[in-house]
Amino acid sequence: MTLAQITASPSLGEVQRSSTLSRWASQHAAILLLGLVLLILPAVASDFIFVQVFGWAMILGIIALSLMFLGGYGGMVSLAQMTVAGVAGYMVAVFGASSLPYVSLFWPWWVAVPIAIAIAVAFGALTGALSARTEGIYTIMITLAIAAAFFYLTLQNWPIFNGFAGFTTIPAPIAFGINWKHPLPLYYLILFFAALSYVVVLYISRAPFGLALQGVRDNPRRMEAIGYNVTAHRVAAYAFAALLAAIGGILMVWLNNQISPGSTGIDASIDLLIIAVVGGLGHPIGAFVGAIIYVILRTFALDSLVAIGLDGRRFQTLIGLCFLAIVLFSPDGVIGLWRRWVARTRGGRSAS
Amino acid sequence: MATAFGGENGARVPARGDALGRWVGHHPIAALAVAVAIIVVLWLVLAPWPTGFEDVFGRKRLFINAIFNGVTLGALYFLVATGFTLIFGLMRYVNLAHGSLYLFGGYMGYEAGEWTGSWLFGFVIAFISCAIVGMAMQFFIFRRMEGQDLRQTLVTLGLSIVFSDLMVWVWGGNAIQIDTPDYLMGPTPTPIVVAVKSSGEAVFLQYPRVRLVIFVAAVVIGIGMWLALHRTRIGVMIRAGVDDRDMLSVLGYRVQLLFILVFAFGAGLAGIAGIVGGTFQSISLGEDSHFLLASLQVVIVGGMGSIPGAALGAIIIGCAEQLGQTYFQNYATVLTFVIMVIVLALRPQGLLGRR
């Protein structure tokens, strides 16, 4: 699969025709529309739809975005991003509040959250330092081994991770006079961080660091020769991606109100890779597109499989087959399909 | 495999002993550390422990059992990981469906055993059925995306998801235990002293016969593979393919056929390992990712694409896992993880891997 980013550039005629503002708006019409829909969603949809479907999708999107950032811009497909999110989630439960008084320290959120994020970022940077010395396909092996090791650790360890039971009752904090546990504030909190991480990733992809990272992806030897520290760029990319994943992980714990080995296990890591690849590693929005497809499938596939007379328990096969179809026929994911469709319709319009 | 090729400038293929001597010459401190470690382990296993020693480290029986379990578990890991590393070495993609092949082999061997009542016949069925699946995967899918290693790896991932779900469908989620045949049941006495009675009489270790037999079988398979790789024509082709498959193809060898054969063999070994695993422990849902992880760790520690590396890595990981479970249960996986980290930090290509 080529990880090269394909940038869709508008045709010259279009550019000259329109003013700067309306041009910007037309280029980003889709994303602006999506943002508007997400903003007014709580007014029209039920609690279940906007929190458990869209909120959950945006959280997965943030974590998948960290994978997309590493894979798409850095060429490093890491399977440990869900693990980083899990580390942050577990640390919030350990340092903050939970139903386990003999493990949790019950520190206030403004202490627990930064500590959790710092530990997760350190863990992510360590993962990066380990895998950045090897290249390409080795990264998948090493990060998968790390993810699996963490999963078995959480499963076996009782003093810190409370074994397979994990932590329950981890409430979102009450801060600035708002109880973030309630669906509406939590939804907007998630939306805020999803939008923020999307914009930041988009910004970094065009900033010097992001450009250098893409250079490292395309030709590490040449970048080394020009004088860039390839390993340092890779580790820094891992650290930044870990920051995103940590935010996603903490939101995930607050939304689900629990964390256990199953929520950060091997299956979860692989599902995250599926989300990122199905969405497309070519553009940050791909992570969110993949996440919403995944969550909708996950929520409604069981019923619809039964409705058309199939066994609803074969949900995992359906996910696997969708993933295989995308990898086999559209390596750049749904975003790639969309771009090709746009290019074709645009081509058709200019020809007529 | 790694040592036999010698250095980059090796016009002459040096003998094995030669390479070992040169390695000792180049790394005297590492060689000394390895020698001391081997002597310490031998002493710990063979000598009766002094009384003060047992107070600190616990009973010797515990330690010896952990070591024996670790080494025999290592034999199982070797069977799984060697196919994985062979496929990786030749075809350059990570077969993340390898754990599914292991599980599939175990189930097929179980079915064959139930049907015919023969444990050994199960091995034949498991090998053949997994080899057929492997050949089909290579022929229908991977051949079509030659050189796109990331895409191939992602496809193996998708396949592993579908396979494991289909296997749950057929065999359900309950653990299945494969019965040990009567002639391998029961313990075998070994000449290792685990304790000394107050009367001065030595107590010898009794160990399950089936595990010892499997260990010997794994060693025989390992030596057989080494001989096949170094003494047969097809072995030369495989080694040449590992080094430069384009060149091999240009020279007129049928590389695709070779790929299919190697994939079939690696998958078949995973299938055999499935029966061994089902006899040692049990096979159930989730074991596929357990053994995929084991293969990954073995290959990362031992060296990617190297068969002696897989053997070394399997013993290290097997022992680390068992010792960890015996002595610090809550942090057992941390031990294997730390070993992996140390190896990656000092030798990113693995202990016996090549750059």
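**Ground rules.** I am working with a predicted model, in which local features need pLDDT of at least 70 and side-chain atom pairs count only at pLDDT 80 or more, while totals for chains, interfaces and linings use all residues. Residues are numbered from 1 along each chain as its sequence is written, and chains are lettered from A and ligands numbered from 1 in the order in which they are written.

**Chain A.** I looked up the secondary structure and found 15 helices and four strands. Helices here are DSSP runs of H or I with at least four residues, strands are runs of E with at least two, and both are numbered from the N terminus. Of the 352 residues in chain A, 46% are buried. I call a residue buried if 20 or more other C-beta atoms lie within 10 Å of its own, exposed if 12 or fewer, and partly exposed in between, with C-beta atoms placed from the backbone. Two residues are in contact if those C-beta atoms lie within 7 Å. Among chain A contacts with a separation of 6 or more, 75% join residues 24 or more positions apart.

**Chain B.** Here I found 14 helices and two strands. The radius of gyration of chain B is 21 Å, close to the 20 Å from the globule rule for 355 residues, so chain B is as compact as a globular protein of that length. That radius is taken over C-alpha atoms, and the rule is 2.2 Å times the number of residues to the power 0.38. Buried residues come to 44% of the 355 in chain B.

**Where the chains meet.** How many residues does each chain bring to the contact? Chain A gives 34 residues and chain B gives 34 residues. On the chain A side, α7 (137-156), α12 (266-279) and α14 (315-329) each supply at least two residues. The largest share, eleven residues, comes from α7(A).

**The core.** The largest nonpolar core has 206 residues, and Ala116(A), Ala120(A) and Ala246(A) have the most contacts inside it. Such a core is a set of buried Ala, Val, Leu, Ile, Met, Phe, Trp, Tyr and Cys residues joined through C-beta atoms within 7 Å. Beyond its neighbours within four places in sequence, Ala246(A) touches residues including Val84(A), Ala88(A), Ala116(A) and Ala120(A).

**One last residue.** Asn256(A) lies in helix α11 (residues 230-256) of chain A.
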